[in-house]
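Have the sequence and the structure open while reading.

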Amino acid sequence: KYCDPELLVRFVKQNLNKPYGTLELELELRPNNNDYSVMSIIQGRRMTLTQSKPGLVVVGLEEMPSNVEGSDPRQCDVSSLLSYRFSGRKGNSKSGGAAAAAPRNSSKRGISGDATIITFFTSNYELEPSSLETLSKLEMFQNLCAVKIEAVSGQDRHSFALSYLIQRLKETVGCKNVAINLDIDCGEGDTRPLVRYLRMLSFYICALMKQQERIDNGDIDVSVTQNVNTSLTQITNNQNGGSMQLKYGSFRNLYAVTPCVLDPRASDVVTEIQKNHPDLADPSDLCQILDFYFARTLAPVVILSRHEELISDLTSVIASSKEVRTIRIIDPSSYKIMRSLYDPSDTPNLRDEILQLQRDGGGHSQSLVTIELKCHTNDSQMIIREIIEDTPSMTAFSSERSALYKDGLLFCVYVDGDITPEIASRASLII
C-alpha cells in the first residue's frame, strides 16, 4: 500500500574486523569526497545515473570487534573512527587523540544526518557503553540499540531444512524431481551447523544413489530419519529399499557407519601424508574431510593444526592432486587478505588471487583451490575470520558476481600458539 515500486534499495558491506590502520585508510575523507571512500560508495549507491529518483541504502557494518585492551582494532577506537568520518571530520579519532574541528563543509562530506541510510552493526561482542555513547553523538545513531538475533525455529526451521536439502541435491545431481521425507531434529539457535549438516547429508544421499547407479537417470525419492537415542541418521532409497547409516564424529562431522570414499584422491593424500607422519591421529577423519573437499560439499573446508610441518606437507600433497590449484605460505600479518579501497588495482592480495584461480578454472563451481595460511599471532587469526567463514566474501564495492564463493576452497591453517574460539568454530577438523 505504501511501497514505491520505483524506489531502489541497495546494500553496502563494510567489514570492521581489520587492523585499525586499514580501516582508517578506507574511511579517509578526500577532497570533495569524490573518490572510492566508503562514504562516497554509500552516496553513489543511493543515486546512480540510471535512477530516476534517490533510493535507500542499507549499510552493513559487520564484525564490530571486542574492546579488549591491546587488541587491534578495539571497539572504542572503531566507534570513534566511524563517528568522526560519518560526521565529515578528519583528524585523529582514537581515544586521547587531538580532536579536529568540524570543517565548514562537513555536513556535505558527512552522512550522519541522512535519513535514507539504514545502518546495521553485527558483532559477537557486547556493545560497550562508551562505544554506544560515542556513536549516539551522530544523528543517524541516536536511536541505536542492541538486538539479540534469534534463529528460525520450530516448523519454520524444519521447512527451511527441507527446502535447502532439496535445493542442494538439485544443484549437485542435476535432476529436477526430488522427494524427501525428512524426519530429523533440526536443533535450535545458529543455523550454520544445520546448513553444514544438510550439506554433508546431501553428499551421502548422492553417495547412496551413486552406489545404486541412480544418479544419472531417474528421480530421487528418499527418507531421512534420525534416532535420537543412538544419534544415528539413516538414509533410505524409497525406490528400492537401499539404505545407509550415518554417525556423528569429531567437530560434528557426519560419517558413514560403513566407510565410503567417493574420490580416490582423498585416500591417496592420506596415504602419502602418513609416510612422513605415521602418528597422524584419526586418518580416516582426514580422509572423509578431504572427500568432502573434492566433492565441494563444505564451503569452505578449514583444517587447523599447531604443527607447521604437517600443514606444509598436507598442502604440498594436495597440490599434487589432479585439478587442484594452490596458494602457498600466506602470513596474514604481512600479506593482505583483501585489497582495501585505496590500494592500486594490482596490489597483491589473497582474495583476488583466489578469484583469479577460480576464473582460470571456469568459475567457482568448477575449480578446486587449496590455501596455506600461517597465523603466528591472535591478530592474524582475527584477520582471517571473514575469509574462512561459511558465507560468500564481499567488500564494500562487491556485487553478487564479484563475491568470493567458497565451495571448492580448502584452507590449511597453521596456528602458532592457542587457537582462538572464533577460528576453532570455523574448523572442519583440527589435526
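This is a predicted model: local features need pLDDT of at least 70, side-chain atom pairs count only at pLDDT 80 or more; totals for chains, interfaces and linings use all residues.

Residues are numbered from 1 along each chain as its sequence is written, and side-chain values use heavy atoms, with hydrogens and water left out. Helices (H or I, at least four residues) and strands (E, at least two) are DSSP runs, numbered from the N terminus.

**The parallel sheet**

- An open sheet is formed by 5 strands in the order S10-S11-S12-S9-S13, with parallel pairing; two strands pair if DSSP finds at least two bridges between them.
- Its edge strands are S10 (324–330) and S13 (429–430), each of which pairs on one side only.
- Strand S9 (residues 301–305) pairs with S12 in the parallel sense over 5 bridges, and Ile 303 has Cys 412 in S12 as its bridge partner.
- Strand S11 (residues 368–375) also runs parallel to S12, joined to it by 7 bridges; here Leu 373 has Val 413 as its bridge partner in S12.

**Strand S12**

- Strand S12 (residues 409–415) is mostly covered, with 7 of its 7 residues buried; buried means under 20% relative accessible area, exposed over 50%, and partly exposed in between (1.4 Å probe, protein chains only).
- Leu 409, Phe 411, Val 413 and Val 415 point one way from S12, and Leu 410, Cys 412 and Tyr 414 point the other way.

**Helices on the parallel sheet**

- Helix H9 (residues 283–294) packs on the sheet and touches S9, S10, S11, S12 and S13; contact means heavy atoms within 4.5 Å.
- The direction of H9 makes about 145 degrees with that of S9; axes are lines fitted to C-alpha atoms, for helices over the stretch in contact, and angles run from 0 to 180 degrees between N-to-C directions.
- Helix H10 (residues 308–319) lies across S9, S10, S11 and S12, at about 160 degrees to S12.

**Helix pair H8 and H9**

- Helix H8 (residues 264–276) packs against H9 at an angle of about 140 degrees, with the axes 8 Å apart.
- H8 and H9 are therefore oblique to each other; angles under 35 degrees count as roughly parallel, over 145 as roughly antiparallel, 65 to 115 as roughly perpendicular and the rest as oblique.
- H8 passes H9 in a right-handed crossing; a crossing is left-handed if the near helix is turned anticlockwise from the far one by less than a right angle, and right-handed if clockwise.
- Residues that meet include Val 269 and Val 270 in H8, and Leu 286 and Leu 290 in H9.

**Helix pair H6 and H7**

- Helix H6 (residues 154–173) and helix H7 (residues 192–211) pack at an angle of about 45 degrees, with their axes 9 Å apart.
- That angle makes H6 oblique to H7, and their crossing is right-handed.

**The mixed sheet**

- Another open sheet has 5 strands in the order S4-S5-S6-S7-S8, with mixed pairing.
- Strands S4 (178–183) and S8 (254–256) stand at the edges with a single partner strand each, so one side of each is left without a neighbour in the sheet.
- From one strand to the next, the twist averages 25 degrees.
- Strand S6 (residues 232–237) and strand S7 (residues 243–248) pair in the antiparallel sense over 4 bridges, with Leu 246 in S7 as the bridge partner of Thr 233.
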